[in-house]
Structures are given as C-alpha cells and as structure tokens.
Amino acid sequence: MVDLCISFVTGLLLAQLNVSDKDKTHPMESKNNNLVLGFVVLAVFLISGVKSWTGEIHGRVVCDVCADSSIGPEDHVLEGAEVAVLCITKSGEVVNYQAFTNSKGIYTVAETMPESERWDACLARPISSFHDNCNHLGDGSTGIKFTYNHPSGHFHVIRPFVYRPSTAPTYCI
C-alpha cells in the first residue's frame, strides 16, 4: 500500500515538473498546481497509516568511592561518562547510540521511528569515565541486556553503572 502511494506521488511530481517546464507563461496556474500537489502529498501521508513510536532509555553512572558495592553518602555521580546502547529493531536492523551523562550522572537515549521498526532488544554498556580518580569499572557493570516492550512514550530505566577508584580512600577502611 505504501509503495503504491509512493509511486503515485512520484508520478505526480514528475508530471508537475513537466508541466512547470513547458508552461512558463502562467505563474498562477503553476502555483495552483503546486498547492494541489501539496494537498495530495499530505493526503497520501495521512492515508498510508504509518504510526510513529518513541522509545527512551535512561540510566545513571556513579563513582563507588569506597568500592563497597553499595551507593552511600560518600559516592557521587559521574558527569561526562560515556555509555553505548545497541538495539535491534523488530525488522532486524541494528542501531547504535552513544550517550554522555549530564551533571546529575544521567544519560538518555531516545528515538522516534515507525511502529514497525521499534526496538525489540537492547544492550547498554559503559564505555569510559573521564574522571582520573574514578575510572575502573566496578563488578557487574560490563553491560545489561534487556527486551524493550514498552508502548510509545514510555521509557526503560537501567540500573546504575559503577566505576571505582584504583585505591579506596583511608576513611573507607
């Protein structure tokens, strides 16, 4: 159906180009033809029934200062940490996203696409922390695989990725 609509619109566009090139003496007629063509394109788009879908993925990156595998008052978020998110769509296409954390340590990946192309499954993984004192990846923070089955406009939250310092401060011992 969509292919038929695209072929129809392409034919109209080509016909319009031929009419415009041959008849340069009637500018009002050309403007009217363009207006009609615009309405036809809009109607075809509305009739085609292409539904859009929006997905979002949120997560945090933190520094586990004491390397005790629990988030406490001594720990802090990491601004500027890099995260990669790889998703496979329902049609089998692989899409790769890169995100950086904001001042609250939160990263977001979002995409709007046709419903038929929506995410099916994703893998999120930390890439790097640019903080010299907290750049060793913590245990269990190598990546998270998940199925994305949320309706349009909803989001998926991933557990925090954790980095640690090379040596814990003395107040942690």
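This briefing describes how the strands of the structure above pair with one another. The structure is a predicted model, in which local features need pLDDT of at least 70, side-chain atom pairs count only at pLDDT 80 or more, and totals for chains, interfaces and linings use all residues. Residues are numbered from 1 along each chain as its sequence is written, and side-chain values use heavy atoms, with hydrogens and water left out.

**Terms**
- Strands (E, at least two residues) are DSSP runs numbered from the N terminus, and two strands pair if DSSP finds at least two bridges between them.
- Strands of a sheet pair through backbone hydrogen bonds, either parallel or antiparallel.

**The four-stranded sheet**
- Four strands form an open sheet in the order β4-β3-β6-β8, with antiparallel pairing.
- Strands β4 (94–100) and β8 each have a single partner strand and stand at the edges, so one side of each lacks a neighbour in the sheet.
- From one strand to the next, the twist averages 20 degrees, with axes taken as lines fitted to C-alpha atoms and angles running from 0 to 180 degrees between N-to-C directions.

**Pairing of β6**
- Eight bridges link β6 (residues 119–128) to β3 (residues 82–89); cysteine 87 faces cysteine 122 in β6, and valine 83 faces proline 126 in β6.
- Four bridges link β6 to β8 (residues 144–147), where threonine 147 is the bridge partner of alanine 121.

**Strand β10**
- Strand β1 (residues 52–63) runs parallel to β10 over three bridges, and valine 62 stands opposite valine 162 in β10.
- Strand β7 (residues 136–137) runs antiparallel to β10 over two bridges, and histidine 136 stands opposite arginine 164 in β10.
- Both faces of β10 (residues 161–164) are covered: Phe161 and Tyr163 on one side, and Val162 and Arg164 on the other, are all buried (under 20% relative accessible area, 1.4 Å probe, protein chains only).

Conventions
Buried < 20%, exposed > 50% of the residue type's maximum accessible area, 1.4 Å probe, protein only.
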